[in-house]
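Subject: A structure for you to look at

Hi,

Here is the structure I promised to pass on. Please open it alongside this message, and I will walk you through what turned up.

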Amino acid sequence: MDEVRLGPASVNILSVVRGLPTVADAIRTTKPGVVALSIGPEELETLRVYHGGSLEPENFEEEIYVAGLSAWEPPVKPPPCFTEAVRVAEKQGTRLEAIDMDEVTYTENYVDCVSTLEVIFQGRLERKLAKKRFDAKTPQEFVLAWDAEVNGPPGFARLQAMREAYMAARVRQIADAESSILALIEVERSKGVLAALRS
C-alpha cells in the first residue's frame, strides 16, 4: 500500500486485481473516512444492489483476462475486490465514492482518443490475444501484461492516461473535505494515478 499526503489528508492507495478478493483487511485496519473505488458511479450503484451469482465475461478481452487469472484462483465477476469493499464499508458506515469516469464522460473520451483504424484493428488484437502466452508469476504481473496488450495502441493508451488523471483529480477533490481516504485502484491504473497525485 502506498501513502500520499494531500495537505492534511492521508490517501492510502491499494492496488487491486479485478476478479480477486483482497480488500476487507485493508478497510478494517486503515479505518478510512472514505473508501474510493476505481469504478464509475453507475457501476457502484449496481454493486450496491447486486446480490446474484457470478457473471460471464462480456467480451473477448474479458475472457482472456478471466482465463489468465484462473492460473491462481477462480476469478469472479462482479469483481470481489469492489463488491467486498462495498459490503465492508457499508457495514462499517464508511462513505463510498466512485472515482472513475461516468459512462457519458468515458464514451466522449473514447471517441476523442481512439481512432477508427484502432477500432478496426481490434479484431487483429483478438486473434493475437488468443495465441498469446503470458509468462506471469503473479496475478499482478499477468494483469499488467494483459493491459499492455489490450491498451497498447496509442489511442487506447491515451484513454487510460485520461482515466488515471480523472481518478487522481477525484481523489484530490475528496481530500479537500476528508482527512483519511483508502483508494482501491485496479493494478493496471494504480501507477498512473499515483504519479498524477504526486505531480
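Let me start with a question: is the crossing of helix 9 and helix 10 left-handed or right-handed? It is right-handed. Before going further, please keep in mind that this is a predicted model.

**The two helices**

Two packed helices are described by the angle between their axes and the distance between the axes. Here, helix 9 covers residues 154–175 and helix 10 covers residues 187–198; their axes come within 8 Å and cross at roughly 55 degrees. That angle makes helix 9 oblique to helix 10.

If you want to find the contact on screen, look on helix 9 for Gln160, Arg163, Glu164, Met167, Ala168, Val171 and Arg172. Their partners on helix 10 are Glu188, Arg189, Gly192, Val193, Ala196, Leu197 and Arg198.

**The aromatic rings**

How many aromatic pairs does the structure hold? There are 5. One of them is formed by tyrosine 110 and phenylalanine 156, whose ring centres are 6.0 Å apart with 75 degrees between the planes, an edge-to-face arrangement. This pair links distant parts of the chain, since tyrosine 110 sits in helix 5 (residues 103–113) and phenylalanine 156 in helix 9, 46 residues apart. Tyrosine 110 has a relative accessible area of 26%, so it is partly exposed. Phenylalanine 156 counts as buried because its relative accessibility is 7%, and the cut-off for buried is under 20%.

Phenylalanine 134 and phenylalanine 142 make another pair: their ring centres lie 5.2 Å apart and their planes stand at 80 degrees, so this pair is edge-to-face. Both phenylalanine 134 and phenylalanine 142 are buried. They also belong to one aromatic cluster, together with Tyr65 and Trp146.

**A backbone detail**

Most residues other than glycine have a negative phi. Lysine 31 is not a glycine, yet it has a positive phi of about 45 degrees. You will find lysine 31 in the loop between helix 1 (24–30) and strand 3 (34–37). Is lysine 31 buried or exposed? With a relative accessibility of 64%, lysine 31 counts as exposed, because the cut-off for exposed is over 50%.

Enjoy exploring, and write back with any questions.

Best wishes

Technical notes. Residues numbered from 1 in each chain as written. Predicted model: local features only at pLDDT ≥ 70, side-chain atom pairs only at ≥ 80, totals over all residues. Heavy atoms only, no water. Axes fitted to C-alpha atoms, helices over the stretch in contact; angles between N-to-C directions. Helix = DSSP H or I, 4+ residues; strand = E, 2+ residues; numbered from the N terminus. Parallel < 35°, antiparallel > 145°, perpendicular 65-115°, else oblique. Left-handed = near helix turned anticlockwise from the far one by under 90°. Contact = heavy atoms within 4.5 Å. Phe/Tyr/Trp six-rings, centres within 6.5 Å; stacked < 30°, edge-to-face > 60°. Buried < 20%, exposed > 50% of the residue type's maximum accessible area, 1.4 Å probe, protein only.
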